[in-house]
Amino acid sequence: MKVVGKRILVTGCAGFIGSHMTDSLLAKGCEVVGVDDLSAGKMGFLDEAAMMKGFKFVRSDLLNDDLGPMMDGIDVVFHFAANPDVRQGPKNTRTHFDQNITVTFRLLEAMKEKGTKSICFPSTSTVYGETTVIPTPENYGPLLPISIYGASKLSCEALISSYAHTFGMSGVIYRFANVVGSRSTHNVLHDFIRKLREDPTKLEILGAEPGTNKSYVHVSECVEAMLIGAERTTEQVGVYNIGSRDRLDVKGIADTVVGEMGLENVRYDWTGGVMGGRGWIGDVKDMLLSIDALEAKGWSPKMGSAESIRRAVREILGKA
Ligand SMILES: NC(=O)c1ccc[n+]([C@@H]2O[C@H](COP(=O)([O-])OP(=O)(O)OC[C@H]3O[C@@H](n4cnc5c(N)ncnc54)[C@H](O)[C@@H]3O)[C@@H](O)[C@H]2O)c1
């Protein structure tokens, strides 16, 4: 799939990963039409993009607005807009259906109408559910997500594959480990930093010690991996895991945050969690993705999980 030099639609362009991708595409000479309803994204994340002449911002709600005009002349869609919060699932079972499945369906319909042929889609490790094979490869199955969020993203993958094969499109699906870095707004690092600023003597941690054990990748490496995967995919629908080669448990994350904040003797108060020590319903306990497929295309992460987390904490604290 050709991306460099093309006219790209980036949905969710004012969000965490979408804004980094927008900057990267503009730096590579692409024209970018960025769309966001600013429900979670921030205009401030687009400060660099706004200074580039190839950038146009459209404020629009992809669930309700007409998507036709924004698709005019678009070669490739990078579809980041979604509700990415696993914890929302049990609280409001409609959210992921609407914001993830219906929005993706509407986008594919607009692509079909306007003749846009290529889509890059950030999916998630949660589509695998609780796997018996670790590191988990892309061809692992059956795919049985344990969260409504994971189910919604797996549905989007299926829609993309079916539209590609039915209407002569191509797609690249990326299954991300946990992505961390600057401009993130909601994850375990923010939760810990907020709590420790309120009370630097103790830290409430959701789950049972030492917590879930998962792989983390820095956003800079994630964006690079997506672009390499897109440019070098020859299949009609390519599927790539993106993560680092190792894992870190929640205690390791807490130790890193505490250390980077210059704190000592912090008491960890584990809540015990739900359903056998998970942080929340739908939380997968153990996750590490095989990244052999993307490594075979020439991408390799330079940082492991611990280093990715440390860098992200420093960025959030304004130390990097
Ligand atoms: N952050 C991660 O660790 C991670 C892991 C796996 C997959 N993903 C996927 O990557 C993508 C980006 O995630 P993120 O962490 O950057 O999330 P984010 O919340 O920072 O970004 C999503 C953006 O989409 C926008 N948006 C939401 N609904 C919209 C709508 N109806 N119309 C227009 N804009 C809308 C939001 O305002 C926000 O700017 C998502 O698809 C998510 O599922 C993220």
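Asn 213 belongs to strand 9, residues 213-214, and two bridges join strand 9 to strand 12. The two strands run antiparallel. A word on terms: helices (H or I, at least four residues) and strands (E, at least two) are DSSP runs, numbered from the N terminus. Two strands pair if DSSP finds at least two bridges between them.

Before going on, what are we looking at? This is a predicted model: local features need pLDDT of at least 70, side-chain atom pairs count only at pLDDT 80 or more, and totals for chains, interfaces and linings use all residues. Residues are numbered from 1 along each chain as its sequence is written.

Three strands form an open sheet in the order 12-9-14, with mixed pairing. Its edges are strand 12 (248-249) and strand 14 (286-287), and each pairs on one side only.

Seven strands make an open sheet in the order 3-2-1-4-5-6-11, and the pairing is parallel. The edge strands here are strand 3 (55-59) and strand 11 (237-242). From one strand to the next, the twist averages 20°. Strand 5 and strand 6 (residues 170-176) pair in the parallel sense over seven bridges. Among the partners, Ser 123 bridges to Arg 175 in strand 6.

Which strands does helix 1 touch as it packs on the sheet? Strand 1 (7-11), strand 2, strand 3, strand 4 (76-79) and strand 5. The direction of helix 1 makes about 165° with that of strand 1. Helix 8 also packs on this sheet, touching strand 5, strand 6 and strand 11. Its direction makes about 150° with that of strand 6. Axes are lines fitted to C-alpha atoms, for helices over the stretch in contact, and angles run from 0 to 180 degrees between N-to-C directions.

Next, helix against helix. Helix 1 and helix 8 (residues 219-232) pack at an angle of about 60°, with their axes 10 Å apart. Helix 1 and helix 8 are therefore oblique to each other. The scale: under 35 degrees counts as roughly parallel, over 145 as roughly antiparallel, 65 to 115 as roughly perpendicular, and the rest as oblique. Who makes the contact? Phe 16, Ile 17, His 20, Met 21 and Ser 24 come from helix 1, and Val 219, Cys 222, Val 223, Met 226 and Leu 227 from helix 8. Contact means C-beta atoms, placed from the backbone, within 7 Å. By class, that is eight nonpolar, two polar and no charged residues. Ala, Val, Leu, Ile, Met, Phe, Trp, Tyr, Cys and Pro count as nonpolar, Asp, Glu, Lys and Arg as charged, and the others, Gly among them, as polar.

Gly 252, Ile 253, Thr 256, Val 257 and Glu 260 in helix 9 meet Ala 306, Ile 309, Arg 310, Val 313 and Arg 314 in helix 11. This contact has five nonpolar, two polar and three charged residues.

Last, the ligand. How many residues surround the ligand? There are 28, and the closest are Gly 12, Gly 15, Phe 16, Gly 41 and Ala 82. Helix 1 gives the most to this shell, with three residues. The shell divides into 16 nonpolar, nine polar and three charged.

Notes:
Near = placed C-beta within 6 Å. Contact = placed C-beta atoms within 7 Å.
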